[in-house]
Structures are given as structure tokens and as C-alpha cells.
Amino acid sequence: MSSKFYVTTPIYYVNGEPHIGHVYTTAIADVLARYHRLLGEDTFFLTGTDEHAAKVVDSAAENGVSTQEWADRNAQAFQDTFDRLGMTHDDFIRTTQDRHIERVQSYVKQLLDSGDVYLGEYEGWYDAGQEEYVPENKAKESDYKSPVSDQPLVRKTEKNYFFKLSAYGDALLQLLGSGDVFDVQPTARKNEVLARIREGLNDIPISRTGSSDWGIKVPGDDTHTIYVWIDALFNYLSTVDTDDRRKYWSTDVHLIGKEILWFHAVIWPAMLLALNKLPGNEWIRLPRLLYTHSQWIAEGKKMSKILGNFIDLAQIDHYAETFGLDALRYFLTTNGPLGTTDSDFAESKFIEVYNTDLANTFGNCFSRVSNMTARYFDGKLPEPGEEPESANGIEHDRVIDKAVRDYTKAMKSLELSKAADAAMGIVRAVDSYIEATQPFQLAKQDGKLPQVGTVLYNCAESLRVASLLLWPFLPEKVQEMWQRTGCGHYADALADRGGGDLDNWRQWGQSQPGSEIQKGDPLFPRFQPAKA
Ligand code: ME8
């Protein structure tokens, strides 16, 4: 096993059930985790829930149950949803678990001892919905209303423990400026962060006092609760801070939505720098990459319960049941807001992507090849030999080499849409090859059956490589295809940590002539919308 890969999602608030945004980030992380497993890397994929927010207390009260019960119920809903959707996270952290609480207290204790956390007083504009203070200039800009919920900001004074964020501005500017050790992408987001750091960093309060007991206590001072955001950020570290998991640190990719950039790009690395300089913490290095995506909107508008365009759990299940899990994953991860623009979740677009890429391209091509193999070779993969002249000197392995190169490059830069398209490019090349060589016509000509065999072998071999590249996006259907083509060993190997071997598997010529190719139901039946 060559190297390791550690990928995380944000941990999600448990004031309600999961929705499409939560499923989206987790699905992208799952594609990345599967890709790195395919490469044979020792991969660790973490997701979980952020439970100590005041809005969890409030929504529990509104629903007439205890906070713990409400948190348990919704955390379970997240776990069930991710399991149902085939997410392959290696752990699910809940911030109410002892393993997390104990470590957060130990990190804060270390920072108290080193002086990076100290007791002081704070006054500012507080956004209760977001659980964060809004700086004076931003508060003024938004007319003292929450930029997120539009609710009025509240003036608040508190005695707090503070984190000495101001001490880390120069280091962060330097680190982010070079991007060699710690990077934020896309670049536009990095530039936003850099500009804001240049305006100057103030120390930030990291504790709360007040009525609610819900939260992690500041070590040595029971009257203060650690601010939920500080508690939450530490999840990425606390989960792997065990003897057998420290090897995964630091994070290779933190995936987040754009609205939580500041916490992750500034406060989080600054806290890690503060911990790292203490004896014994040399291993607590900075994350490698923080990747920020934009938002899903729905049917052209910001998702809202009032507008009725909210893609909630029921909608997610509806899409998964109607089109299949893979179709939902594929649409989300290849048409989602990975860059700096928002994406529209519209049913018509979903159907178009499903029919074009999955039914008409990948699914149909596999059906054509398996049907012809059944018809002309009794369902046994034929021996390759001489190409028909109409193949026009095509070099299949070159087509594959280029596709794998494009795919790898796109995966490295998290351009999932480009990566999937590179894989689909192989499938499109197979379709063109069939169009050019017309195996069904050749089969009618005397003595041309061996050439038909060559064509079908090459098609099957190309589809085998395409399926490997598509596996992170379409794991269920690709595994079904592997079962039908004698490639089940890939699924077995991938179930083992570090068992993937894409570099080897993608090499040309590994399909065994004579092996069985079962034709069967289409992988992705074409979807015909019901007539109104
Ligand atoms: O912010 N489109 O939790 P959260 C795309 N607990 N992604 C979306 C989205 C949308 N419309 N809406 C939400 C929190 N997301 C904190 C995080 S991390 C230490 C603490 C996704 O439940 C996106 O990944 O509000 C976003 O970052 C996350 O859900 C916020 O989930």
C-alpha cells in the first residue's frame, strides 16, 4: 500500500433531518474516497453530526422531547440516510460522544496552559441562527440583519474565553499565499479569505455562559461551555487521535459548503498551529486542502420550505427509488455546485442527464455488447484477432491511456464532472467503433465472424476499463456489470482496505476470452416521463 488519504465532510447539525445539501457533500466525499481506494491508498472517510448547537436545544423543545433524544433521533436519521444511499464512510462522529468530548477538553486545556486561550470580555453583533458573531462592518452592510436568515442581529456582551487568533494572521497569510502546505480552493474563495485576513484578525470568543447545559464544559470552569463551532471543528482531529488512526492525519481534503469557509480556512488552521507548537504535538500538522463548494438551488430558486421546492429526505428517497441510487449519486456529483457557481436541482435536468449519460451511453453500450456476444458467440467472450478494415487503425489502448490521464488529472483537482466525462469518453469511443465496424453486418458475411469477435473483445475490454473509472460514481451498477462479466474479483478486492489497483487493472488485454458475458436487464432503463 503506497500512501494514505483522509477526506472529511462537515459534521451536520441535528436540529432537523438531512436534506440534499448534506447528501451532496457526503456523496462527493464518497466518490473521492472510492477513487482513492481504487488506487489502493489507505483511505479514511469521515462524516458525522454536530450536536451541541443551541438550535438543537430549541428544535427539541419545539418538538416536545429532550435535547438528547432529539439529537439521537436526527443523528440516526443521518446515519440511516447515508447507509441507505451506500455511503462508505469509515466512521461517523457525533460530538456528544465521550471520545470526542474528552479530546476537545484536552485540546482546550492545552491551549489554556499555553496562553493561546485566555479569559476576557466580548461585545458584538450576534447571529443567533448561525451561532456566530458578525463583524461590525458586515453587520452594518446587512442593516444589522443576519446575512443568512434575515433575522435581526442581537447586541450581546459576554465574559468569554478567547482564542488568540490575532497571533496567527501573518502565518496564515504566508501559508495560504503559497498554498504549498495548506491550500483553499477554488482560488476565488482563497482570495476572499486572504483579503479578509489582511483586514486584520481579532481574538475570538470560544466559550459561552448561560442557561443551557448543552455543550462541552471549558476544562476547569464549569460556568463556561465551549462554543459549538470550536467543539465541532475539532471533530476532524479527535476522531483520528488514537494510536491506530493518527497515521491518517492530516486531512488531505476537507469538503465544505461556502457558508462555513471562514471557520475552516482561518480559525481551524490557527487552532492547529497553536496546538502544533506544543511539545508532543508535532504530528498535528495543517490540513492539505480545504475545498469549498457552492449551493444547490431547486427549480431555479433558493431552496425553501415555504416555496415548496425544498429537496428534503422524502424527495431524495423518491429520486433514489425512481431512478436508482447510482443515478442520484451521478447527477449530484457530476452536475453539482463544485466550483463557485450554484447548481439547479431540476427534475427535467435530472431526467436529461439520466437518459443521456446513463441510459443511452453507458447502459446502452453495455447492452449492445452483451447482446451481440450472446447472439454470435453464445455469451462467451470471443478471442481477439484481426481488426476489420473499417476500424481504420484505431488503437484502443491509446484511447484508454488518454481517458485515464484526463480522469486522473480531473480527480486530483476535484473536477468530478470532467472525470466522469473522461470515463464516458471511453464508452462513446466504443459506440463510434461499433458504428464504424458494423459487427452486425459483418456477421452476415462469410468468414467474417473472427473479425466480429475482435470487435466484441475490444468493446468488452474498453468497457471493462470504463467501468473501473466509473465505479466511484456508479458503484451499484458497475458491480452488477462486474458480476455479469466475470469481474467480481474487483468488488472483492475493493472491499479490502488498500486492495484497489487501478494502475494494474486498467492495463489493456486482461479480459479472458471464453469468459461468460451475461446479457440481462438494461443497467439503466430509459426513463419516459408519464404523460400528463
Ligand atoms: O454548517 N447546497 O452544518 P449544516 C449544497 N454544523 N450543500 C449544502 C446546502 C445546499 N443548499 N445546504 C447545506 C453546519 N449544504 C455545521 C458544520 S463543520 C465542523 C460544522 C451542506 O447542517 C454543505 O456541505 O448547516 C454545508 O457546508 C453543510 O451542508 C452545512 O450543514
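A cavity is a set of points, on a 1 Å grid over the protein atoms alone, where a 1.4 Å probe fits but cannot get out, and its lining residues have an atom within 4 Å of a point; a volume is the space filled by probe spheres set on the points, which are joined across faces, edges and corners. The model is predicted, and totals for linings use all residues, whereas local features need pLDDT of at least 70 and side-chain atom pairs count only at pLDDT 80 or more. Residues are numbered from 1 along each chain as its sequence is written, and side-chain values use heavy atoms, without hydrogens and water.

**Exercise 1.** Describe the largest cavity and the elements that line it.

*Solution.* Begin with the count: the structure holds two cavities of 30 Å³ or more, and the largest has a volume of about 60 Å³. Next, take the lining, where helix H14 (396–412) and helix H15 (416–437) each give two or more residues, helices being DSSP runs of H or I with at least four residues, and strands runs of E with at least two, numbered from the N terminus. The largest share, four residues, comes from H15.

Note on methods. 1 Å grid on protein atoms, 1.4 Å probe; cavity = no way out; pocket = protein on both sides within 12 Å on 5 of 7 lines; lining within 4 Å.
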